[in-house]
Structure formats: C-alpha cells, structure tokens
Amino acid sequence: EMTSSLLAKMHKAGCVHISYGVESGSDSVLKAMGKVFTVQEAEQVLRETHRAGITVSLFLIVGYPGEGEEEFAETLAFLRRCHPFISWIQSVNMIHIWFNTDLHNKHEELGIELPENGEGHLWRQGDNTPELRMQRVEAVRLLAEELGIPAAINSNDEIMRSAAGLKVHISSVTFFGEDGEEPADLRAGHE
C-alpha cells in the first residue's frame, strides 16, 4: 500500500519517479483485468505521490474486453481529474491477446473472435474492434495534449492506423507535448 508516510520515506531516500500501471479509469475494467485497486484508490495514490515530491507516469491500456463507451469515458474523466499529478503518460497501448494468456484461453467464454492468422491486436468483441481501439488511443493522445501531459503512444501497426483512418504520428515510443510536438526532454512535472 502506497501511503503518504511511505512515499515521504521513499522521497527522502532518493526516489524521484514512480511509474504506475493504472491501465484504466474504470472500476469495472480494472476488476476484469484482475487489478486489486479501485479508481478512487489510484487517484489517492497519484495525489499523494505528487505531494511527496515524486514525479508520476502512467501506463494505460485501451480496448480491454468489456470496455464500452461508458468505461472509456470514465478513463478520460480519470485523466481530467488527475492531470495535475501526472508528469507524463508512459504508454497508451491497445490490448493485444497473446497465445496461451488468460484472455486467449477464455476468448470463447468472453465472446472474443480471434483472427486465424494469430495477430494479437486484430481480435474483435462486438463493437470492440481494432479500428475502435486505435481511435481510443488517438482520443487519449488528444486529451493528454489538451491537458498538457506528454504521452507516449506505443504501436508499430501501420495497418492499424490506416484501417482506423487515422493520420497520426505514432511510433514505438513518441512523446507529445502541449503543442503536439515531440519535446526534447520530459518535464519533471506540470501544474
């Protein structure tokens, strides 16, 4: 448990940065992922980490099975509420379903259609399509830009970008600053 006293001790000992795998701002998605914290708890930890003088970055996943429009909107609202405490978004990834993982092994039970070619990013579940997931990655990038949070967008999938009809700058790791340009360095924090 990341308490304010523990975070203060960590800062005093020289800790200057923590990356958190929050993944989603939706309690139902976090539960489906098997996370052992709630959105409210994540918000508190981000706030306390920032107060302790430790910079914060996040890892986010979009398009987890069961993430609908409402759940995605909850993630965007989470970012809006927490942006003063986030120094940068370490990565925004579409969920890939890899062979012999829990999602892969339960795909039929979850109503997930896997592609025959084994491409882990091309699965479908109702309206949750590769194109929709790519649009959600872009929506997170745009919101981060609006909020002044540098964000790394992780994807090497040229096919995915063209399939989603997006003309965005995406590379294996690209940081976007407030002006949409790639900053030379990351900020230690922002207000």
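The legends below describe close-up views of a predicted model.

Local features need pLDDT of at least 70 and side-chain atom pairs count only at pLDDT 80 or more, while totals for chains, interfaces and linings use all residues. Residues are numbered from 1 along each chain as its sequence is written, and side-chain values use heavy atoms, with hydrogens and water left out.

**View A. Helix α4, residues 69–82.** Helices (H or I, at least four residues) and strands (E, at least two) are DSSP runs, numbered from the N terminus. Buried residues of α4 are Glu 71, Phe 72, Thr 75, Leu 76, Phe 78, Leu 79 and Cys 82. Seen down the helix axis, the buried residues of α4 fall within an arc of 150°, so they line one face; the arc is that of the directions from the axis to the C-beta atoms. Glu 69 and Glu 70, on the other side of α4, are exposed. Buried means under 20% relative accessible area, exposed over 50%, and partly exposed in between (1.4 Å probe, protein chains only).

**View B. Strand β2 and its partners β1 and β3.** Because 7 of its 8 residues are buried, β2 is largely enclosed by the rest of the structure. Strands β1 and β2 run parallel and are joined by 5 bridges, with His 17 opposite Thr 55 in β2. Strands β2 and β3 also pair in the parallel sense, over 6 bridges, and Ser 57 stands opposite Trp 88 in β3. The chain passes from β2 through α4 to β3 in a right-handed β-α-β crossover. Two strands pair if DSSP finds at least two bridges between them; a crossover is right-handed if, with the strands pointing away from the viewer, the path from the first strand over the helix to the second runs clockwise.

**View C. The largest nonpolar core, of 35 residues.** A nonpolar core is a set of buried Ala, Val, Leu, Ile, Met, Phe, Trp, Tyr and Cys residues joined through side-chain atoms within 4.5 Å. Tyr 20, Leu 58, Phe 78, Leu 79, Ile 89 and Val 140 have the most contacts inside this core. At least two core residues come from each of β1, α3, β2, α4, β3, α6 and β4, and α6 gives the largest share, 6 residues.

Note on methods: The expected span of a helix is 1.5 Å times one less than its number of residues.
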